Amino acid sequence: MERSGESGMERIGGTAMKKLFEKSNINGLSLANRFIFSATWDGNADDNGFCTQRNIDMLVERARGGVGLIITGMAYVQADGRAAPWQLAVHGDEFVPGLTEMTKTVHDTQGTCKEFCVNGFSVFIEQAFCLRK
Ligand SMILES: Cc1cc2nc3c(=O)[nH]c(=O)nc-3n(C[C@H](O)[C@H](O)[C@H](O)COP(=O)(O)O)c2cc1C
């Protein structure tokens, strides 16, 4: 695949990619660029849905890669609403400290990643409700 341009990534395969590196915003939330890490269940939470260091490490790696927005994997909002094993949970206040730590650590990564990100990173937690028969 041919790459050219100032950063070597503005044109990929002859297509202008510059716009992807521009700042954008979603309903007033300003984003450093237009790269988004799509919601991905990763099975890194513990047996009870608490955020683990593995959750954090994986998302920090995504932030280091330069995405402007991270959407976590689906997090279940009701105790019996889990759709997949080791899925993040967000059905009680007890889950908030772990998720806060995750978000804070990703935001702190900003200082170590200057290449693409001028405005820092944002994290969305995807809330999912699984209907059961
Ligand atoms: C392993 C895996 C886990 C995923 N987990 C979620 C999820 O938790 N929530 C969600 O909305 N989409 C989830 N997706 C869908 C992805 O976010 C994405 O929409 C899908 O892979 C299509 O992306 P693409 O068009 O770039 O191929 C998952 C996909 C994969 C492969």
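With 4 C-beta neighbours inside 10 Å, N27 counts as exposed; by the criterion applied here, a residue is buried if 20 or more other C-beta atoms, placed from the backbone, lie within 10 Å of its own, exposed if 12 or fewer, and partly exposed in between. N27 lies in the loop between β4 and β5, where helices (H or I, at least four residues) and strands (E, at least two) are DSSP runs numbered from the N terminus. The phi angle of N27 is near 50°, a positive value in a residue other than glycine. Most residues other than glycine have a negative phi, and most peptide bonds are trans.

The structure is a predicted model, in which local features need a pLDDT of at least 70 and side-chain atom pairs count only at pLDDT 80 or more, whereas totals for chains, interfaces and linings use all residues. Residues are numbered from 1 along each chain as its sequence is written. The pLDDT is the predictor's confidence in each residue, on a scale from 0 to 100. Its mean over the protein chain is 80, and 74% of the residues reach 70 or more. Over residues 1-5 the pLDDT is below 50, and this stretch has 11 contacts in the model beyond near neighbours in sequence; two residues are in contact if their C-beta atoms, placed from the backbone, lie within 7 Å. Residues 112-120 also have a pLDDT below 50, with 22 contacts in the model beyond near neighbours in sequence. Where pLDDT is low, the predicted coordinates should not be read in detail.

The secondary structure of the protein chain comprises two helices and 10 strands. From the N terminus on, these elements follow the order β-β-β-β-β-β-α-β-β-α-β-β. Of the 133 residues of the protein chain, 26% count as buried. Among contacts between residues at least 6 apart in sequence, 64% join residues at least 24 apart.

N25 is found in strand β4, which covers residues 24-26, and counts as exposed because it has 10 C-beta neighbours inside 10 Å. Not counting residues up to four places away in sequence, N25 touches S30 and L31. L31 is placed in strand β5, residues 29-31. With 20 C-beta neighbours inside 10 Å, L31 counts as buried. The C-alpha atom of L31 is separated by 6.9 Å from that of L69, 38 residues apart along the chain.

The largest nonpolar core has 21 residues, a nonpolar core being a set of buried Ala, Val, Leu, Ile, Met, Phe, Trp, Tyr and Cys residues joined through C-beta atoms within 7 Å. The residues with the most contacts inside this core are I70, A75, L88, A89 and V90. At least two residues of the core are supplied by each of α1 (53-65), β7 (69-72), β8 (75-76) and α2 (96-108). The greatest contribution comes from α2, with three residues. Leaving aside neighbours within four places in sequence, A89 is in contact with A45, N48, G49, A75, Y76 and F95.

Two residues of the loop between β8 and α2 were characterised individually. W86 lies in this loop and has a positive phi of about 55° although it is not a glycine. W86 is partly exposed, since 18 other C-beta atoms lie within 10 Å. G92 is likewise placed in the loop between β8 and α2, but it counts as exposed, with 11 C-beta neighbours inside 10 Å. The C-alpha atoms of G92 and V77, 15 residues apart along the chain, are separated by 8.0 Å. In helix α1, G65 is exposed, with 12 other C-beta atoms within 10 Å. A separation of 10.0 Å is found between the C-alpha atoms of G65 and F35, 30 residues apart along the chain.

The residues around the ligand are S38, A39, T40, W41, G73, M74 and E126, a residue being near a molecule or strand if its C-beta atom, placed from the backbone, lies within 6 Å of it. By class, this shell has three nonpolar, three polar and one charged residues. In this classification Ala, Val, Leu, Ile, Met, Phe, Trp, Tyr, Cys and Pro count as nonpolar, Asp, Glu, Lys and Arg as charged, and the others, Gly among them, as polar.
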